[in-house]
Amino acid sequence: DWSSDVCSSDLFGITLFQDCVLRAVFYKYNHPKECFIKSAIICSVLLENNLNNSVSSDENLSLLYPYGCSLDVFKPAVPLIGSGSTSYPVGRPVGAFYYSQLSKGKLIVFGSGHAFTDKYIEKEDNSKLLEFFLNFLTNSADLNLEPSDIDDSELCEYNFIPDTVQCAQRVRVCLQESDDFIMPGSANHLG
């Protein structure tokens, strides 16, 4: 079935989480779901090769990532864009790609469709990111990446926050006597 193959995460190694990437600190944009991500690209070799040398090797893209979700990326896919340290969830992939050596097919998954709408395309380097995606997908050259080309050291495992409302409704009592607590009227404390 065609629809089950497209949605299968095992086939491409990319799964979309049903969460929302939030900004943990205020910077430039008013809505918490409009995240500013500085130095977003993890694989700088791809960035240099697919932006026609308009970005130097020590430079990286800064993005406005609006109303997007995080991804789970595992082999054969490769993480491409990270959420950074000022967003929650911290250090999660928000963009990834898959490349088939056999068919030379390419797939890019990006967690925010809003980033390329009229309202956001001119913000930060979002237009350069779109150019990067289009150049990467239309370039017919073989993709030869070394594992050292991908700096995924800033990526973290997905950590769930407990539901504090639900936990507060299930209060548990803990009785423990302190060693240094003196009962009033105790024989240990006279006077």
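Two residues are in contact when heavy atoms lie within 4.5 Å. The model is predicted, so local features need pLDDT of at least 70 and side-chain atom pairs count only at pLDDT 80 or more, while totals for chains, interfaces and linings use all residues. Residues are numbered from 1 along each chain as its sequence is written, and side-chain values use heavy atoms, with hydrogens and water left out.

**Overall make-up**

- The protein has five helices and nine strands; helices (H or I, at least four residues) and strands (E, at least two) are DSSP runs, numbered from the N terminus.
- Along the sequence these elements follow the pattern α-α-β-β-β-α-β-β-β-β-β-β-α-α.
- The protein has 191 residues, and 35% of them count as buried. Buried means under 20% relative accessible area, exposed means over 50%, and partly exposed is in between, with a 1.4 Å probe and protein chains only.
- Among contacts in the protein with a separation of 6 or more, 67% are between residues 24 or more positions apart.

- Strands pair if DSSP finds at least two bridges between them. An open, antiparallel sheet is formed by three strands in the order E6-E8-E9.
- Strand E6 (78-82) and E9 are at the edges with a single partner strand each, so one side of each has no neighbour in the sheet.
- From one strand to the next, the twist averages 20°. Axes are lines fitted to C-alpha atoms, for helices over the stretch in contact, and angles run from 0 to 180 degrees between N-to-C directions.
- E6 and E8 run antiparallel and are joined by four bridges, with Ile-81 opposite Gly-95 in E8.
- E8 and E9 also run antiparallel and are joined by five bridges; here Phe-97 stands opposite Ile-108 in E9.
- Five of the five residues of E6 are buried, so this strand is largely enclosed by the rest of the structure.
- Helix H4 lies across E6, E8 and E9, and runs at about 160° to E9.

**Aromatic rings**

- Rings of Phe, Tyr and Trp (its six-membered ring) pair if their centres lie within 6.5 Å; planes under 30 degrees apart count as stacked, over 60 as edge-to-face and the rest as tilted. The count by this rule is nine aromatic pairs.
- Phe-97 and Phe-136 form an edge-to-face pair, because their ring centres are 5.2 Å apart and their planes are at 70°.
- That pair links distant parts of the chain, 39 residues apart: Phe-97 is in strand E8 (residues 93-99) and Phe-136 in helix H4 (residues 126-138).
- Phe-97 is buried at 2% relative accessibility, and Phe-136 is buried at 2%.
- Phe-110 and Phe-133 are edge-to-face as well, because their centres lie 5.6 Å apart with the planes at 70°.
- Phe-110 belongs to strand E9 (residues 106-110) and Phe-133 to helix H4, so their pair ties together parts 23 residues apart in sequence. Both Phe-110 and Phe-133 are buried.
- Ring pairs join Tyr-65, Phe-97, Phe-110, Phe-116, Phe-132, Phe-133 and Phe-136 into a cluster.
- The charged end of Lys-106 sits over the ring of Phe-136, 5.1 Å from its centre. This requires NZ of Lys or CZ of Arg within 6 Å of the ring centre and within 35 degrees of the ring normal.

- Leu-22 is in strand E2 (residues 22-23) and is partly exposed, at 32% relative accessibility.
- Beyond its neighbours within four places in sequence, Leu-22 is in contact with Pro-32, Lys-33, Cys-35, Thr-86, Ser-87 and Tyr-88. The C-alpha atoms of Leu-22 and Lys-33 are separated by 4.9 Å, with the two residues eleven apart along the chain.
- From strand E3 (residues 34-37), Glu-34 and Phe-36 point one way and Cys-35 and Ile-37 the other way; all are buried.
- E3 pairs with strand E4 (residues 63-66) in the antiparallel sense over four bridges, and Ile-37 has Leu-63 in E4 as its bridge partner.

**Backbone features in loops**

- Most residues other than glycine have a negative phi, and most peptide bonds are trans.
- Lys-75 and Pro-76 are joined by a cis peptide bond with omega about 15°; Pro-76 lies in the loop between strand E5 (71-73) and E6.
- Tyr-88 and Pro-89 are joined by a cis peptide bond with omega about 0°; Pro-89 is in the loop between strand E7 (87-88) and E8.
- Lys-104 is not a glycine, yet has a positive phi of about 60°; this residue lies in the loop between E8 and E9.
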